[in-house]
Amino acid sequence: MLEIEYTGFEPQAVTEGRPPLSLDSLLIHNPNLAFFARMQGYAMQRAGVRHKDLLLIEPSEYYANDSLVLVFADGQALIRRWQRTGQGGLFVPSDDKLPTIPYDDSCIIRGQVIASITLHTRPRFMLPEVVS
């Protein structure tokens, strides 16, 4: 008897009849609102978000302390760590050379970064870039 041990993806013959491979159910809570963007810059590299990473972003009604968020502030779309304070909150880069942005009425949080994916090949599609 021949035994085959699969350590990665099973061959197509084994997976026929199964639904296609998808991370949606693992990562996305609300697929109708989730979207992708591409990281541009190095402001969050020490937090694990690299230049040109593909970001999965999902809007929410509540953003937990220390979550990574997409915020529109100072006329730019930025990825920052959201830190709650007694007076509101701060948007903090992982790069100490960049300024922390205090939350005010002009800041708009568009979503939480659910995942960042480092692509090792050139993407076949264009995505909006998030400046760091």
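Helices (H or I, at least four residues) and strands (E, at least two) are DSSP runs, numbered from the N terminus. The model is predicted: local features need pLDDT of at least 70, side-chain atom pairs count only at pLDDT 80 or more, and totals for chains, interfaces and linings use all residues. Residues are numbered from 1 along each chain as its sequence is written, and side-chain values use heavy atoms, with hydrogens and water left out.

**View 1. Serine 67 in the loop between strand S2 (54-58) and strand S3 (68-73).** Serine 67 is buried, at a relative accessible area of 7%. Buried means under 20% relative accessible area, exposed over 50%, and partly exposed in between (1.4 Å probe, protein chains only). The side chain of serine 67 reaches the backbone oxygen of alanine 64 at 2.7 Å. A polar contact is a pair of N or O atoms within 3.5 Å; within protein, one must be able to donate a hydrogen and the other to accept it, and residues adjacent in sequence count only if both atoms are side-chain atoms. Leaving out residues up to four places away in sequence, serine 67 touches Arg80, Arg81, Trp82 and Gln112. Contact here means heavy atoms within 4.5 Å.

**View 2. The salt bridge between arginine 46 and aspartate 96.** A salt bridge is a side-chain nitrogen of Lys or Arg within 4 Å of a carboxyl oxygen of Asp or Glu. The count by this rule is 1. In the pair of arginine 46 and aspartate 96, the closest N and O atoms are 3.5 Å apart. The partners are 50 residues apart and link distant parts of the chain. Arginine 46 sits in the loop between strand S1 (35-40) and S2; aspartate 96 sits in the loop between strand S5 (88-92) and strand S6 (101-102). Arginine 46 is exposed, at 64% relative accessibility. Aspartate 96 is exposed as well, at 65%. Side chains of opposite charge can pair when their charged atoms come close.

**View 3. Alanine 47, in the loop between S1 and S2.** Alanine 47 counts as partly exposed, at 27% relative accessibility. What does alanine 47 contact, leaving aside its neighbours within four places in sequence? Arg81 and Ser94. From alanine 47 to aspartate 95, the C-alpha to C-alpha distance is 8.9 Å, across 48 residues of sequence.

**View 4. The aromatic cluster of Trp82, Phe91 and Tyr103.** Rings of Phe, Tyr and Trp (its six-membered ring) pair if their centres lie within 6.5 Å; planes under 30 degrees apart count as stacked, over 60 as edge-to-face and the rest as tilted. The whole structure holds 3 aromatic pairs. One of them, tryptophan 82 with tyrosine 103, is edge-to-face: 5.9 Å centre to centre, 75° between the planes. Tryptophan 82 lies in strand S4 and tyrosine 103 in the loop between S6 and strand S7 (108-117), so the pair ties together parts that are 21 residues apart in sequence. Tryptophan 82 is buried at 5% relative accessible area, while tyrosine 103 is partly exposed at 38%. Phenylalanine 91 and tyrosine 103 form a tilted pair, with 6.2 Å between centres and 55° between planes. That pair also links distant parts of the chain, 12 residues apart.

**View 5. Phenylalanine 91, in strand S5.** Phenylalanine 91 is buried, with a relative accessible area of 0%. Beyond its neighbours within four places in sequence, phenylalanine 91 is in contact with residues including Val69, Val71, Arg80, Pro99, Ile101, Cys107 and Ile109. The C-alpha atoms of phenylalanine 91 and proline 102 are separated by 6.2 Å, and the two residues are 11 apart along the chain.

**View 6. The largest nonpolar core, with 13 residues.** A nonpolar core is a set of buried Ala, Val, Leu, Ile, Met, Phe, Trp, Tyr and Cys residues joined through side-chain atoms within 4.5 Å. Met44, Leu55, Ile57 and Ile79 touch the most other members. S1, S2, S3 and strand S4 (76-85) each supply at least two residues of this core. Another core, of 9 residues, lies apart from it; Val69, Val71, Trp82 and Cys107 are among its members.

**View 7. The whole protein, with 2 helices and 8 strands.** From the N terminus on, the elements run α-α-β-β-β-β-β-β-β-β. Buried residues make up 28% of the 132 residues. Among contacts between residues at least 6 apart in sequence, 56% join residues at least 24 apart.
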